[in-house]
Amino acid sequence: MNSTETKQSVAPAAADQDERIQRVSFWKKALNRPELGALAGAVLVLAFFIAASSGTGMFTPAGIINFLEVAAQLGIIATAAALLMIGGEFDLSIGSMIGLAGILIAIPAVEYGWPLWAAILLAFACAGLVGWINGNLVNKTGLPSFIVTLGFLFILRGLAIGTSRLLTGRTQVGGVQDHIPGDWFAALFSGEVATGLFSWMAENGWMATNFAGNPTVTGIPVSIVWWLGLTAVATWVLLCTPYGNWIFASGGDANAARNSGVPVQRVKISLFMFTAFSATIFACIQVMDTGSADTIRGLLKELEAIIAVVIGGALLTGGYGSAIGAALGALIFGMVQMGIFYTGVNTDWFQVFLGVMLLVAVLFNNYMRKKAMEAK
């Protein structure tokens with residue numbers, strides 16, 4: 001081979017190498033991020049309510065904590081739902097698991113004198129079992145997870161109602177608040193954090209106080225801490241661990257992932273267990289906050305979680321999405337729900353707005369995906 005031929009053969013290789021290592025613009029990187037649409041939506045919603053709710057108190061410290069707490073409760077279950085949907089599956093039993101977990105906490109503690117920590121552990125154990133059964137049924141039968149978990153939506157709700165009526169004669173169980181003080185495990189799901197910081201801020205004039213001299217916001221609700229913590233851990237898992245790669249692979253193409261050595265069945269079982277655990281965390285926080293359990297709690301929460309995940313940029317077909325996007329979707333939900341209240345709009349219109357927001361988010365995400373493909 002002469003020198004001319006050698007140069008000609010090397011040139012394409014060099015060009016390919018240059019193409020692989022060339023800098024990618026910020027805009028192209030942003031287009032590939034699933035949470036871009038949710039971030040834009042959150043900014044727009046924030047700007048709208050800053051203008052529309054001026055003088056209503058929505059963006060005072062107390063108002064901000066109010067909508068963050070609403071977002072946090074949804075965000076806890078949306079984070080787990082995001083991982084499951086990225087893995088290519090759905091869990092429609094999340095809401096019913098919330099109701100059942102609450103009953104499993106309240107009845108043993110109130111009616112049978114169990115320590116609250118033991119009742120909470122019972123709820124988590126049952127949640128793990130439910131998630132394991134859901135995952136195994138999906139894997140072994142080949143049925144769509146939509147059908148399997150739809151069945152468990154009714155099974156778990158029926159178990160909550162039937163068990164509560166059988167053991168207590170009613171569907172609501174109160175008195176849990178009497179068992180919270182002194183319980184080490186219950187403290188993880190109740191109260192507020194950073195109370196000392198807020199008191200110090202009030203003493204130095206950096207926080208508004210009430211007539212008694214106490215800060216208008218006494219601390220950060222523990223639900224917000226759980227939400228941020230779960231979002232951070234889920235994001236780290238998805239982006240920085242082999243297990244995160246397995247989740248994306250299982251949702252993108254399960255057969256190809258299986259042929260590559262990914263334990264697809266174990267990944268999906270673990271994701272179903274995580275959604276059940278997240279529902280139980282939600283139930284623990286709710287029971288500790290209200291001091292009671294109710295069999296109808298968690299109603300439609302599975303659909304709200306899916307909406308938050310879809311708004312956050314996840315594809316319904318799996319293999320694409322992020323925990324940060326789900327958190328932003330939950331934040332939008334919280335701002336809208338409380339924003340409608342603060343602006344004086346009839347709250348009956350909230351679900352209309354929620355449905356429209358879902359459709360707009362899906363259309364926008366599809367548009368952004370097409371733009372991302374064109375930019376490559």
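I began with a helix pair: α10 (residues 242–252) packs against α12 (residues 264–290) at an angle of about 100°, and their axes are 10 Å apart. That puts α10 roughly perpendicular to α12, because angles from 65 to 115 degrees count as such. I then listed the residues that make the contact: Y243, W246, I247 and S250 from α10, and V264, V267, K268, S270 and L271 from α12. I note that the model is a predicted one.

K268 came up again when I looked at E89. I found E89 in the loop between α4 (61–86) and α5 (94–112). Is E89 buried or exposed? Its relative accessibility is 10%, so E89 counts as buried, the limit being under 20%. With neighbours within four places in sequence left aside, I have E89 in contact with L84, V138, S145, K268 and F272.

Next I went to the surface. I looked up a nonpolar patch there, formed by L143, F146, I147, L150 and F154. Together these residues have about 480 Å² of accessible area. I checked F146 separately: this residue lies in helix α7 (residues 145–168). F146 has a relative accessible area of 43% and is therefore partly exposed, as that value falls between the limits of 20% and 50%.

Last, I took down the totals. The protein has 15 helices and four strands. It has 376 residues, of which 47% count as buried.

Definitions and conventions
Residues numbered from 1 in each chain as written. Predicted model: local features only at pLDDT ≥ 70, side-chain atom pairs only at ≥ 80, totals over all residues. Heavy atoms only, no water. Patch = residues over 30% accessible without salt bridge, like charges linked within 9 Å, V, L, I, M, F, W, Y side chains within 5 Å. Areas by Shrake-Rupley, 256 points an atom, 1.4 Å probe, with all protein chains shown as cover. Salt bridge = Lys/Arg side-chain N within 4 Å of Asp/Glu carboxyl O. Helix = DSSP H or I, 4+ residues; strand = E, 2+ residues; numbered from the N terminus. Buried < 20%, exposed > 50% of the residue type's maximum accessible area, 1.4 Å probe, protein only. Axes fitted to C-alpha atoms, helices over the stretch in contact; angles between N-to-C directions. Parallel < 35°, antiparallel > 145°, perpendicular 65-115°, else oblique. Contact = heavy atoms within 4.5 Å.
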